[in-house]
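Here are a few notes to read alongside the model. Take them one at a time and look for each residue as you go.

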Amino acid sequence: MEKMIFILIAFPFVSALLLSIFKNNVVRQIVTYISSAAIIGVAVAFAVSFFSGGSQAVGFLTHTPVINEAMLAIEVFLMVLVFVLSIKYKKVYISLLSIAQTGLMLWYELGGHAPETDTYKMYVDQLTVIMVLIVAIVGTLITVYACGYMKDYHNHHKEFMDRRRYFFSLLYVFLGAMFGLVLSNNIIWMYFFWEITSVVSFLLIGYTRTDEAINNCFKALWMNLLGGCGFAVGIVLLGMNFGVEDFQTLINFDGAVVVAPVILIAFAALTKSAQLPFSRWLLGAMVAPTPSSALLHSATMVKAGVYLLLRLSPVLHGTYAGSMVSTIGGFTFLIMSMLAITVSDGKKVLAYSTISNLGLITACAGVGAEETIWAGMFLLTFHAVSKSLLFQTVGAIENSTGSRDIETMHGLVRRHPYLAWTLVIGIAGMFLAPFGMLFSKWAALKAFIDSGSILLVLFVCFGSATTLLYWMKWIATVLASKNNDVKAKNTTSANQWVSILIHSAAMILLCFTFPYISDNVIMPYIDTVFTNASQVISKDNMIIMMIMLVAIFAVPIAAWAGAKHTDYRKANRYINGVNAGDQMNYIDSAGEKRRFFLANWYMEDIFGEKKLWLPSVIISIVIITVMTIIAVGGAL
């Protein structure tokens with residue numbers, strides 16, 4: 001297993017090097033397909049090896065002075081890179097954050113202040129395996145999708161320099177860093193990979209080098225560097241005051257004792273997961289090409305933040321630090337769900353939805369109870385697959401139709417039926433039964449009720465109601481059609497279809513394997529965190545879920561089969577007046593012929609960005625500040 005860990009981390013960096021060398025598109029595709037297949041194969045073998053070995057958590061690597069020194073050298077390189085780019089684009093203040101955190105870590109490690117322990121640098125348990133599979137399968141499929149998408153992208157956008165070698169290299173560096181991050185038990189090691197993801201996301205967002213891309217990538221950088229500073233200070237406090245340098249030791253501490261460093265590390269997770277008031281950077285990341293958006297929103301970057309919070313959840317449980325995290329998460333879930341109603345840009349809806357669902361996972365981690373950890377792990381899994389599928393499908397729709405606006409997707413089910421149905425599968429995975437997101441939300445809501453957190457209950461109830469509205473609005477638009485909607489030529493490349501269809505199948509497969517994953521993966525993890533953990537979801541509920549799963553496919557198939565043998569009388573549509581006979585026009589009360597149209601209501605005048613954004617940022621800053629003061633003051 002130790003060799004597989006090395007391959008998972010190192011191989012993506014080798015692939016990145018190869019992709020930076022070859023300019024030919026065919027060679028790039030070959031390298032990408034081989035790399036993807038190899039990474040997925042190793043990840044699956046890694047998971048099989050773990051579960052066949054009895055699912056016992058195991059640690060690796062203790063004495064690693066050479067690797068530690070190499071990491072410090074790379075940290076200095078990243079600092080210099082950020083400094084140079086900050087000077088080049090006149091963002092000097094951002095370089096100060098990088099210098100501050102790197103300088104602190106150099107002082108801590110080279111100055112003899114770090115504790116001398118031989119704890120495991122790498123650690124594998126059920127949560128690790130879940131993340132490895134998400135990064136391997138979802139992440140590499142996104143790179144396969146990118147082979148076709150980026151070709152179409154540059155055919156449509158001649159104004160941007162074709163830097164695909166650079167783009168694909170960064171994608172694989174990202175994957176290698178994510179493997180290192182989720183496998184790290186040593187907190188300094190996680191911090192090292194954490195900073196790589198921050199810098200690479202900054203470079204991906206600025207890919208087109210437009211003024212908007214430059215501004216947005218630096219916004220992402222300074223917010224994540226701010227979190228990195230909190231992470232660095234938390235590491236120093238843990239090491240110097242408590243002699244802690246690994247997560248397995250940390251989660252066995254009393255949360256009230258280590259509250260200050262835990263809050264600082266949790267603060268870094270909040271920035272990485274784009275929780276309020278740090279949500280702007282992820283919204284701005286949409287300026288990048290779709291593959292990088294899919295990667296940032298599904299398999300990497302933002303998942304690193306909620307993964308860290310789930311790791312910390314045992315030490316957050318029942319503390320003021322946990323209350324701060326859960327309150328910010330619940331508040332973000334509600335506000336971002338409301339804002340998603342007010343926009344028609346498909347990618348922006350997905351971005352708001354991402355931040356919203358990350359908020360719910362954050363709230364689950366902050367509460368840190370058995371049910372919430374169960375729900376958080378399932379939410380993380382389903383969200384990764386579903387959101388990757390949605391971003392890729394919307395990107396394919398944009399390349400096919402020239403627009404990603406929801407209002408232009410009327411009749412998509414007739415014009416591009418396959419893209420329409422993969423979009424529907426992705427949306428259904430986010431909020432409909434029997435897809436696991438709904439069951440996970442139910443478990444989270446039950447846990448919030450049991451914990452007596454009325455505020456979180458309100459956040460989840462109203463946030464779920466708004467979630468239902470914006471997803472149903474989108475599905476209804478896609479499935480509505482007009483008589484003149486005809487099937488269009490497929491312009492989506494085979495590379496894109498490979499990834500989209502595998503994601504769609506994975507979304508459905510997750511529903512069928514939901515009980516197995518619960519019993520054999522997530523519950524054993526919870527048993528290691530809590531002694532005598534009770535079953536979160538009953539067998540009866542599992543059976544009901546399976547019945548619903550069969551029904552959701554059986555009923556439409558039966559209806560379709562019956563419709564083939566039935567003749568239906570076509571009736572004129574009622575369209576606010578006398579139908580003109582062509583189903584597209586009507587005669588109004590003044591006798592004038594008018595064309596009818598359908599449009600969604602976006603409620604921007606009620607709670608759009610201009611009305612909600614600033615108050616939400618202020619409220620979230622107050623929550624973090626006040627609750628942090630209370631938590632630290634209580635510890636002192």
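Is F514 buried or exposed? F514 has a relative accessible area of 0%, so this residue is buried (buried means under 20% relative accessible area, exposed over 50%, partly exposed in between, with a 1.4 Å probe and protein chains only).

1. A word on the model: it is predicted, so local features need pLDDT of at least 70 and side-chain atom pairs count only at pLDDT 80 or more, while totals for chains, interfaces and linings use all residues. Residues are numbered from 1 along each chain as its sequence is written, and side-chain values use heavy atoms, with hydrogens and water left out.

2. Now find the partner of F514. The ring centres of W374 and F514 are 5.9 Å apart with planes at 75°, so this pair is edge-to-face (ring centres of Phe, Tyr and Trp, its six-membered ring, lie within 6.5 Å; planes under 30 degrees apart are stacked, over 60 edge-to-face, the rest tilted). The two residues are 140 apart in the chain, with W374 in helix 16 (residues 370-401) and F514 in helix 22 (residues 514-529); helices are DSSP runs of H or I, at least four residues, numbered from the N terminus. W374 is buried too, because its relative accessibility is 0%.

3. In total, there are 21 aromatic pairs. In one of them, Y153 and F160 have ring centres 6.1 Å apart and planes at 20°, so they are stacked.

4. Lastly, look at F231. Leaving out residues up to four places away in sequence, its contacts (heavy atoms within 4.5 Å) include I187, W194 and L308.
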